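Here are a few exercises to work through with the structure on your screen. Try each task yourself before you read its solution.

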Amino acid sequence: MRAASPPPAAIDLEVDMRRIDAPKRESLSIGGAEIEPGFKGYIPLPIAAMLTGGETALPLHCVRGTAPGPVLAVQACVHGDEPQPVRAFGNVLEKIDAKKFRGALLMIPVANPFAFANFSRQSPDQHEQTNLWGAFPGNSKGTLTQRYAAKIREELIDNADFFAEFHSGGRAGRIQNRVDIDPRVKEAAGKKARAMAIAFASGGAGLVHGVSLSKASAPGYALSRGVPAISVEIGGSYLPEVEEALYRRCLEEGLWNLMVHLGMLAGRERRSRLTYFEASHRAEVNPSSGGYLLSRKTRFADIGGRVRKGQLLGEMLDPFTLEVTEELRSPADGVLFFSRCSGPVEVGNKGFAIATRTKKI
Ligand SMILES: [Zn+2]
(Lines give C-alpha, C1' and ligand atoms only; values in the text may rest on other atoms or scores of the structure.)
Protein backbone atom coordinates (compact mmCIF):
# COMPACT_ATOMS: atom_id res chain seq x y z
CA MET A 1 0.00 0.00 0.00
CA ARG A 2 1.28 3.43 -0.83
CA ALA A 3 0.91 6.87 0.65
CA ALA A 4 -1.21 9.27 -1.39
CA SER A 5 1.88 11.33 -2.17
CA PRO A 6 5.41 10.01 -2.70
CA PRO A 7 7.22 9.64 0.64
CA PRO A 8 9.84 12.31 1.30
CA ALA A 9 13.44 11.36 1.90
CA ALA A 10 14.23 10.07 5.40
CA ILE A 11 15.01 12.85 7.84
CA ASP A 12 17.13 12.97 10.95
CA LEU A 13 14.83 13.38 13.94
CA GLU A 14 17.73 13.82 16.34
CA VAL A 15 16.52 10.87 18.36
CA ASP A 16 19.18 8.83 20.12
CA MET A 17 18.21 5.34 18.98
CA ARG A 18 21.05 3.74 20.95
CA ARG A 19 18.91 3.78 24.08
CA ILE A 20 16.28 1.64 22.35
CA ASP A 21 17.45 -1.84 21.53
CA ALA A 22 14.94 -2.41 18.75
CA PRO A 23 15.35 -3.48 15.15
CA LYS A 24 15.04 -0.81 12.48
CA ARG A 25 12.60 -2.46 10.11
CA GLU A 26 13.46 -2.56 6.45
CA SER A 27 10.00 -3.79 5.50
CA LEU A 28 6.52 -4.02 7.00
CA SER A 29 3.81 -6.22 5.56
CA ILE A 30 0.14 -5.94 6.59
CA GLY A 31 -2.59 -8.06 5.08
CA GLY A 32 -0.09 -9.42 2.56
CA ALA A 33 0.81 -5.95 1.22
CA GLU A 34 4.01 -4.01 1.82
CA ILE A 35 3.47 -0.78 3.76
CA GLU A 36 5.67 1.94 2.29
CA PRO A 37 7.47 4.56 4.43
CA GLY A 38 5.25 7.64 4.76
CA PHE A 39 1.99 5.67 4.74
CA LYS A 40 -0.78 6.72 7.10
CA GLY A 41 -4.18 5.14 6.71
CA TYR A 42 -6.92 2.72 7.61
CA ILE A 43 -6.66 -0.95 6.62
CA PRO A 44 -9.69 -3.10 7.54
CA LEU A 45 -8.47 -6.72 7.63
CA PRO A 46 -11.13 -9.24 6.48
CA ILE A 47 -11.93 -12.01 8.98
CA ALA A 48 -14.90 -13.96 7.56
CA ALA A 49 -18.16 -13.81 5.61
CA MET A 50 -21.07 -13.71 8.05
CA LEU A 51 -24.54 -15.24 8.02
CA THR A 52 -25.90 -11.70 7.74
CA GLY A 53 -24.28 -11.50 4.31
CA GLY A 54 -21.53 -9.04 5.11
CA GLU A 55 -17.82 -9.49 5.60
CA THR A 56 -16.48 -8.81 9.07
CA ALA A 57 -13.10 -7.17 9.51
CA LEU A 58 -10.51 -6.17 12.09
CA PRO A 59 -10.13 -2.37 12.02
CA LEU A 60 -6.41 -1.53 11.77
CA HIS A 61 -4.81 1.91 11.49
CA CYS A 62 -1.20 2.17 10.45
CA VAL A 63 1.37 4.94 10.39
CA ARG A 64 4.77 4.11 8.97
CA GLY A 65 7.30 6.85 9.48
CA THR A 66 9.70 7.93 6.81
CA ALA A 67 12.58 7.08 9.16
CA PRO A 68 13.36 3.56 10.38
CA GLY A 69 12.51 2.54 13.95
CA PRO A 70 10.56 0.01 16.00
CA VAL A 71 7.01 -1.23 15.40
CA LEU A 72 4.64 -0.44 18.28
CA ALA A 73 1.32 -2.29 18.18
CA VAL A 74 -1.60 -1.19 20.36
CA GLN A 75 -5.15 -2.46 20.69
CA ALA A 76 -8.28 -1.61 22.68
CA CYS A 77 -11.82 -2.92 23.19
CA VAL A 78 -10.76 -6.55 23.53
CA HIS A 79 -13.63 -6.37 26.00
CA GLY A 80 -16.48 -4.74 24.12
CA ASP A 81 -17.81 -2.72 27.06
CA GLU A 82 -14.54 -0.83 27.60
CA PRO A 83 -14.67 2.02 25.09
CA GLN A 84 -12.56 4.64 26.91
CA PRO A 85 -9.46 4.32 24.65
CA VAL A 86 -11.31 4.89 21.36
CA ARG A 87 -11.32 8.71 21.41
CA ALA A 88 -7.78 8.90 22.74
CA PHE A 89 -6.52 6.61 19.97
CA GLY A 90 -8.15 8.89 17.38
CA ASN A 91 -6.58 12.00 18.90
CA VAL A 92 -3.10 10.47 19.09
CA LEU A 93 -3.31 9.21 15.52
CA GLU A 94 -4.37 12.63 14.26
CA LYS A 95 -1.33 14.27 15.85
CA ILE A 96 1.21 11.94 14.24
CA ASP A 97 2.94 13.19 11.11
CA ALA A 98 4.44 10.26 9.20
CA LYS A 99 7.20 12.59 7.95
CA LYS A 100 8.33 13.20 11.53
CA PHE A 101 7.91 9.64 12.74
CA ARG A 102 10.31 6.73 13.17
CA GLY A 103 9.21 3.13 12.80
CA ALA A 104 5.54 2.22 12.67
CA LEU A 105 2.44 2.38 14.82
CA LEU A 106 -0.20 -0.33 14.34
CA MET A 107 -3.42 0.58 16.11
CA ILE A 108 -6.66 -1.37 16.57
CA PRO A 109 -9.31 0.76 18.32
CA VAL A 110 -11.89 -2.05 18.50
CA ALA A 111 -10.38 -5.54 18.70
CA ASN A 112 -13.74 -7.28 19.16
CA PRO A 113 -16.40 -5.42 17.11
CA PHE A 114 -19.12 -7.96 17.99
CA ALA A 115 -18.63 -7.60 21.73
CA PHE A 116 -18.40 -3.83 21.19
CA ALA A 117 -21.73 -3.78 19.38
CA ASN A 118 -23.30 -5.71 22.28
CA PHE A 119 -21.54 -3.55 24.93
CA SER A 120 -20.38 -6.86 26.41
CA ARG A 121 -17.12 -8.45 27.59
CA GLN A 122 -17.90 -11.51 25.48
CA SER A 123 -18.42 -12.06 21.78
CA PRO A 124 -21.72 -13.68 20.79
CA ASP A 125 -20.35 -17.01 19.44
CA GLN A 126 -22.09 -18.88 22.27
CA HIS A 127 -19.55 -21.68 22.25
CA GLU A 128 -15.87 -22.24 23.12
CA GLN A 129 -13.93 -19.26 24.43
CA THR A 130 -16.07 -16.15 23.89
CA ASN A 131 -13.78 -13.78 25.81
CA LEU A 132 -11.25 -12.56 23.24
CA TRP A 133 -8.96 -11.53 26.12
CA GLY A 134 -8.17 -15.22 26.81
CA ALA A 135 -8.36 -16.61 23.26
CA PHE A 136 -4.72 -16.28 22.14
CA PRO A 137 -2.94 -17.45 20.04
CA GLY A 138 -6.29 -18.09 18.30
CA ASN A 139 -7.21 -20.21 15.30
CA SER A 140 -7.78 -18.80 11.81
CA LYS A 141 -10.22 -21.65 11.04
CA GLY A 142 -12.01 -21.61 14.40
CA THR A 143 -14.85 -19.65 15.95
CA LEU A 144 -15.33 -15.94 15.34
CA THR A 145 -13.47 -15.11 18.58
CA GLN A 146 -10.63 -17.49 17.71
CA ARG A 147 -10.38 -15.98 14.20
CA TYR A 148 -10.12 -12.45 15.63
CA ALA A 149 -7.39 -13.65 18.01
CA ALA A 150 -5.52 -15.33 15.15
CA LYS A 151 -5.71 -12.21 12.96
CA ILE A 152 -4.47 -10.01 15.82
CA ARG A 153 -1.60 -12.43 16.40
CA GLU A 154 -0.63 -12.58 12.71
CA GLU A 155 -0.94 -8.90 11.83
CA LEU A 156 -0.30 -7.13 15.11
CA ILE A 157 1.77 -9.22 17.53
CA ASP A 158 3.93 -11.03 14.95
CA ASN A 159 4.78 -7.62 13.44
CA ALA A 160 5.43 -5.89 16.76
CA ASP A 161 8.66 -4.99 18.51
CA PHE A 162 6.54 -3.60 21.39
CA PHE A 163 2.91 -4.29 22.31
CA ALA A 164 0.33 -2.56 24.51
CA GLU A 165 -3.27 -3.54 25.24
CA PHE A 166 -5.77 -1.04 26.63
CA HIS A 167 -8.72 -1.81 28.89
CA SER A 168 -11.05 0.46 30.80
CA GLY A 169 -13.86 0.14 33.29
CA GLY A 170 -16.87 -1.51 31.67
CA ARG A 171 -20.61 -1.48 31.99
CA ALA A 172 -20.50 -2.30 35.71
CA GLY A 173 -19.04 1.15 36.38
CA ARG A 174 -15.46 0.41 37.42
CA ILE A 175 -12.88 3.21 37.18
CA GLN A 176 -9.11 2.76 37.20
CA ASN A 177 -5.85 4.30 36.02
CA ARG A 178 -2.82 2.03 35.91
CA VAL A 179 -0.38 -0.10 33.89
CA ASP A 180 -0.02 -3.85 34.50
CA ILE A 181 3.32 -5.58 33.96
CA ASP A 182 4.39 -9.16 34.64
CA PRO A 183 7.38 -9.16 37.05
CA ARG A 184 7.87 -12.91 36.50
CA VAL A 185 9.27 -12.19 33.05
CA LYS A 186 12.92 -11.60 33.94
CA GLU A 187 14.50 -11.69 30.50
CA ALA A 188 14.96 -8.73 28.13
CA ALA A 189 11.26 -8.55 27.22
CA GLY A 190 10.34 -8.12 30.90
CA LYS A 191 12.90 -5.34 31.42
CA LYS A 192 11.75 -3.49 28.32
CA ALA A 193 8.10 -3.92 29.33
CA ARG A 194 8.89 -2.34 32.70
CA ALA A 195 10.51 0.63 30.91
CA MET A 196 7.42 0.87 28.68
CA ALA A 197 5.18 0.91 31.75
CA ILE A 198 7.22 3.68 33.38
CA ALA A 199 7.08 5.76 30.19
CA PHE A 200 3.32 5.26 29.83
CA ALA A 201 2.44 5.83 33.49
CA SER A 202 4.56 9.01 33.51
CA GLY A 203 1.96 10.47 31.14
CA GLY A 204 -0.40 10.74 34.12
CA ALA A 205 -1.74 7.27 34.99
CA GLY A 206 0.79 7.10 37.82
CA LEU A 207 0.28 3.50 39.00
CA VAL A 208 2.39 0.47 37.98
CA HIS A 209 0.93 -2.89 39.02
CA GLY A 210 2.91 -6.13 39.02
CA VAL A 211 0.60 -9.01 38.18
CA SER A 212 0.76 -12.29 36.29
CA LEU A 213 -0.32 -11.80 32.65
CA SER A 214 -1.96 -14.92 31.23
CA LYS A 215 -0.31 -16.42 28.13
CA ALA A 216 -3.80 -16.75 26.69
CA SER A 217 -4.07 -12.93 26.66
CA ALA A 218 -2.46 -10.89 23.90
CA PRO A 219 0.12 -9.18 26.18
CA GLY A 220 0.97 -12.49 27.90
CA TYR A 221 1.28 -14.23 24.55
CA ALA A 222 3.48 -11.42 23.20
CA LEU A 223 5.77 -11.69 26.25
CA SER A 224 6.02 -15.46 25.74
CA ARG A 225 7.32 -14.72 22.23
CA GLY A 226 9.89 -12.23 23.54
CA VAL A 227 7.90 -9.11 22.62
CA PRO A 228 7.86 -6.54 25.46
CA ALA A 229 4.20 -5.97 26.40
CA ILE A 230 2.07 -4.05 28.89
CA SER A 231 -1.62 -4.05 29.74
CA VAL A 232 -3.23 -0.72 30.60
CA GLU A 233 -6.43 -0.24 32.63
CA ILE A 234 -7.69 3.31 32.29
CA GLY A 235 -10.92 5.23 32.80
CA GLY A 236 -14.47 3.92 32.58
CA SER A 237 -17.65 3.89 30.49
CA TYR A 238 -20.14 6.73 30.07
CA LEU A 239 -18.31 9.00 32.51
CA PRO A 240 -19.20 12.70 32.69
CA GLU A 241 -17.19 14.57 30.06
CA VAL A 242 -15.11 16.44 32.65
CA GLU A 243 -13.98 13.15 34.24
CA GLU A 244 -13.59 11.27 30.96
CA ALA A 245 -11.29 14.00 29.69
CA LEU A 246 -8.89 13.51 32.62
CA TYR A 247 -8.45 9.79 31.92
CA ARG A 248 -8.27 10.45 28.19
CA ARG A 249 -5.45 12.90 28.77
CA CYS A 250 -3.51 10.27 30.79
CA LEU A 251 -3.99 7.84 27.92
CA GLU A 252 -2.97 10.28 25.19
CA GLU A 253 0.03 11.67 27.06
CA GLY A 254 1.05 8.18 28.19
CA LEU A 255 0.96 6.81 24.66
CA TRP A 256 2.81 9.84 23.34
CA ASN A 257 5.48 9.55 26.05
CA LEU A 258 5.79 5.84 25.29
CA MET A 259 6.49 6.63 21.63
CA VAL A 260 9.08 9.24 22.69
CA HIS A 261 10.65 6.59 24.94
CA LEU A 262 10.80 4.16 22.03
CA GLY A 263 12.48 6.78 19.85
CA MET A 264 9.51 6.99 17.45
CA LEU A 265 8.86 10.67 18.18
CA ALA A 266 11.33 13.46 18.80
CA GLY A 267 11.38 15.07 22.22
CA ARG A 268 12.46 14.44 25.76
CA GLU A 269 10.89 11.55 27.65
CA ARG A 270 8.79 12.78 30.55
CA ARG A 271 9.36 11.14 33.95
CA SER A 272 6.87 11.41 36.80
CA ARG A 273 6.82 10.07 40.32
CA LEU A 274 5.02 6.72 40.18
CA THR A 275 3.44 4.34 42.68
CA TYR A 276 4.39 0.67 42.31
CA PHE A 277 2.57 -2.24 43.89
CA GLU A 278 2.04 -5.97 43.37
CA ALA A 279 -1.03 -8.20 43.22
CA SER A 280 0.30 -10.13 46.22
CA HIS A 281 -0.25 -7.07 48.44
CA ARG A 282 -3.75 -5.97 47.65
CA ALA A 283 -6.94 -5.94 49.65
CA GLU A 284 -10.39 -5.99 48.08
CA VAL A 285 -13.67 -4.70 49.45
CA ASN A 286 -16.46 -6.55 47.72
CA PRO A 287 -20.20 -6.47 48.40
CA SER A 288 -21.44 -9.68 50.04
CA SER A 289 -24.65 -9.58 48.03
CA GLY A 290 -25.97 -7.89 44.91
CA GLY A 291 -27.47 -4.43 45.21
CA TYR A 292 -27.14 -0.77 44.37
CA LEU A 293 -23.72 0.60 45.27
CA LEU A 294 -23.61 4.09 46.72
CA SER A 295 -19.98 4.90 46.03
CA ARG A 296 -17.89 7.47 47.92
CA LYS A 297 -15.00 7.12 45.46
CA THR A 298 -16.11 8.16 42.00
CA ARG A 299 -13.67 10.89 41.06
CA PHE A 300 -10.52 10.80 38.96
CA ALA A 301 -8.47 12.05 41.93
CA ASP A 302 -9.70 9.15 44.10
CA ILE A 303 -7.80 6.61 41.97
CA GLY A 304 -4.22 6.44 43.26
CA GLY A 305 -5.22 8.35 46.41
CA ARG A 306 -4.63 7.12 49.93
CA VAL A 307 -7.32 5.53 52.08
CA ARG A 308 -7.24 4.70 55.77
CA LYS A 309 -8.19 1.48 57.55
CA GLY A 310 -11.91 1.66 58.40
CA GLN A 311 -12.65 4.47 55.91
CA LEU A 312 -16.10 4.22 54.35
CA LEU A 313 -15.74 3.61 50.59
CA GLY A 314 -19.36 2.87 49.82
CA GLU A 315 -22.65 1.43 50.98
CA MET A 316 -24.96 -1.18 49.51
CA LEU A 317 -28.59 -0.26 49.09
CA ASP A 318 -31.13 -3.05 48.65
CA PRO A 319 -32.98 -1.86 45.53
CA PHE A 320 -36.19 -3.65 46.62
CA THR A 321 -36.48 -2.79 50.31
CA LEU A 322 -34.62 0.50 49.78
CA GLU A 323 -32.64 -0.10 52.95
CA VAL A 324 -28.88 0.27 53.30
CA THR A 325 -27.72 -3.28 54.01
CA GLU A 326 -23.94 -3.07 54.11
CA GLU A 327 -21.09 -0.65 54.67
CA LEU A 328 -17.97 -1.18 52.58
CA ARG A 329 -14.92 -0.01 54.55
CA SER A 330 -11.24 -0.25 53.74
CA PRO A 331 -9.65 -3.15 55.68
CA ALA A 332 -6.23 -1.47 55.62
CA ASP A 333 -4.29 1.72 55.02
CA GLY A 334 -3.15 1.92 51.43
CA VAL A 335 -3.62 3.30 47.92
CA LEU A 336 -7.00 2.92 46.22
CA PHE A 337 -6.31 1.53 42.77
CA PHE A 338 -9.77 0.79 41.48
CA SER A 339 -13.21 1.92 42.43
CA ARG A 340 -16.73 1.98 41.07
CA CYS A 341 -19.28 4.58 40.23
CA SER A 342 -22.66 4.27 41.96
CA GLY A 343 -25.12 1.83 40.42
CA PRO A 344 -26.19 -1.82 40.35
CA VAL A 345 -23.48 -4.30 41.33
CA GLU A 346 -24.03 -8.05 41.15
CA VAL A 347 -22.79 -10.43 43.82
CA GLY A 348 -19.29 -11.58 42.89
CA ASN A 349 -18.35 -8.23 41.33
CA LYS A 350 -15.43 -6.52 42.94
CA GLY A 351 -16.07 -3.24 44.71
CA PHE A 352 -12.82 -1.51 45.59
CA ALA A 353 -9.16 -2.54 45.62
CA ILE A 354 -6.38 -1.20 47.82
CA ALA A 355 -2.64 -1.62 47.42
CA THR A 356 -1.51 -2.39 50.97
CA ARG A 357 2.21 -2.15 50.24
CA THR A 358 3.85 0.10 47.68
CA LYS A 359 7.36 -0.85 46.67
CA LYS A 360 9.34 -0.40 43.48
CA ILE A 361 9.00 -3.42 41.21
ZN1 LIG B 1 -10.99 -5.48 29.96
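**Exercise 1.** Find the place of Ser-330, then decide whether Ser-330 is buried or exposed.

*Solution.* Step one: look in the loop between strand 16 and strand 17 (334-340), where Ser-330 has its place. Residues are numbered from 1 along each chain as its sequence is written. Helices (H or I, at least four residues) and strands (E, at least two) are DSSP runs, numbered from the N terminus. Keep in mind that this is a predicted model: local features need pLDDT of at least 70, side-chain atom pairs count only at pLDDT 80 or more, and totals for chains, interfaces and linings use all residues.

Step two: count C-beta atoms, placed from the backbone; a residue is buried with 20 or more others within 10 Å of its own, exposed with 12 or fewer, and partly exposed in between. Ser-330 has 21 others within 10 Å, so Ser-330 is buried.

Step three: look for partners from elsewhere in the chain. Setting aside neighbours within four places in sequence, Ser-330 is in contact with residues including Val-285, Val-307, Leu-313 and Ile-354 (contact: C-beta atoms, placed from the backbone, within 7 Å). Val-307 is 23 residues away along the chain, yet the two C-alpha atoms are separated by 7.2 Å.

**Exercise 2.** Work out the strand order in the open sheet of four strands, and say which strands stand at the edges.

*Solution.* Start with the order: 16-15-13-18, with antiparallel pairing (strands pair if DSSP finds at least two bridges between them). Strand 16 (324-329) and strand 18 (343-345) are at the edges with a single partner strand each, so one side of each has no neighbour in the sheet.

Now zoom in on one pair: strand 13 (residues 291-295) and strand 15 (residues 312-317) are joined over four bridges. Here Leu-294 sits opposite Glu-315 of strand 15.

**Exercise 3.** Compare the span of helix 4 with the expected one, then say how enclosed helix 4 is.

*Solution.* First, the length: helix 4 (residues 188-205) has 18 residues and runs 24 Å from first C-alpha to last, close to the 26 Å expected. The expected span is 1.5 Å times one less than the number of residues.

Finally, check what follows: just after helix 4, Gly-206 takes a positive phi of about 85°.

Note on methods. Contact = placed C-beta atoms within 7 Å.
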